[in-house]
Amino acid sequence: MILSGSETASRQYKKRIIRWLLVLLAMAGIYFLSSQTAPESNALSGKTIRALLLLFRHDFPALSLTEQKLIISSLQSVIRDAAHILVYLLLGILCMLALLAHDGKMKNRILMTLVIGTVYAFLDELHQYFVSGRAFEFYDIILDCSGLLLGIMMVTGTLWFRARKKRSL
């Protein structure tokens, strides 16, 4: 099937819209999580940790409730840090994919992804300052930017490998 120029342009436009909507959806998810009060956020982290422990540590249910709470409490900070990195890794990937649907140099796409993600991380922390029990944490912005960089590296690395594979054929 051969597409006309207008059909190709229409598909390209739809691809751009969908990709940017995914970026906005990721941002909305981050905003939702940041809107949780401290007790709500702690409860979600605790439930996530419990689910992971049940999945990966088969003796967890056999432990006393006190031991379970101690383990969950000790993992709170690690899981929260990992969550920052993971959600911004996703945001970095989605921003890069959205920007790939536009013309431009790769270094400009990378720079735009960093700017969009870093500004959003800053605004996210500023938003948390006004949420009950939450605070503005510069350390969280560093974690967020680390996630962005990992997302950018995953996309650029994948593109590099694909181009290399294509050249070798």
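Predicted model: local features only at pLDDT ≥ 70, side-chain atom pairs only at ≥ 80, totals over all residues.
Modeller: Contact means heavy atoms within 4.5 Å. Leaving out residues up to four places away in sequence, Gln128 touches Ser34, Arg134 and Ala135.

Colleague: Where is Gln128, and why is it called buried?

Modeller: Gln128 is part of helix H4, which covers residues 106-129. Its relative accessible area is 3%. Buried means under 20%, so Gln128 counts as buried. Other buried residues in H4 include Arg109, Gly117, Tyr120 and His127.

Colleague: How do you know that the span of H4 agrees with what 24 residues should give?

Modeller: At 1.5 Å a residue, the 24 residues of H4 should span 34 Å. The C-alpha atoms at its ends are 35 Å apart, so the two values agree.

Colleague: And helix H2? What is its reach, and what is expected?

Modeller: H2 takes in residues 38-56, which is 19 residues. From its first C-alpha to its last, H2 reaches 27 Å, close to the 27 Å expected at 1.5 Å a residue. Inside H2, the buried residues are Ala38, Ser41, Ser45, Gly46, Ile49 and Leu53.

Colleague: Which helix do the buried residues of H2 pack against?

Modeller: They pack against helix H3, residues 65-100.

Colleague: Why are H2 and H3 called roughly perpendicular?

Modeller: Two packed helices are described by the angle between their axes and the distance between the axes. The axes of H2 and H3 come within 9 Å and cross at roughly 110 degrees. Angles of 65 to 115 degrees count as roughly perpendicular, so H2 and H3 get that label. On the H2 side, the residues making the contact include Asn42, Arg50 and Leu52. On the H3 side, they include Gln68, Ile71, Leu75 and Arg80.

Colleague: How many residues of that contact are nonpolar, polar or charged?

Modeller: The contact of H2 with H3 has seven nonpolar, six polar and two charged residues.

Colleague: Let's stay with H3. What makes Tyr88 buried?

Modeller: Tyr88 is in helix H3, and its relative accessibility is 1%. The cut-off for buried is under 20%, so Tyr88 counts as buried. Setting aside neighbours within four places in sequence, Tyr88 is in contact with Ile30, Gly117, Tyr120, Ala121, Asp124, Asp144, Gly147 and Leu148. Tyr88 and Gly151 are 63 residues apart along the chain, and their C-alpha atoms are separated by 7.6 Å.

Colleague: Why is Ala82 called partly exposed?

Modeller: Ala82 also belongs to H3. Its relative accessibility is 31%.

Colleague: One more: how do you know which class Ala9 belongs to?

Modeller: Ala9 lies in helix H1, residues 5-34. Its relative accessibility is 45%. Exposed needs over 50%, and buried needs under 20%, so Ala9 counts as partly exposed. Ala9 and Arg80, 71 residues apart in sequence, are 42 Å apart in space, C-alpha to C-alpha.

Conventions. Residues numbered from 1 in each chain as written. Heavy atoms only, no water. Helix = DSSP H or I, 4+ residues; strand = E, 2+ residues; numbered from the N terminus. Expected span 1.5 Å × (residues − 1). Buried < 20%, exposed > 50% of the residue type's maximum accessible area, 1.4 Å probe, protein only. Axes fitted to C-alpha atoms, helices over the stretch in contact; angles between N-to-C directions. Parallel < 35°, antiparallel > 145°, perpendicular 65-115°, else oblique. Nonpolar A, V, L, I, M, F, W, Y, C, P; charged D, E, K, R; others polar.
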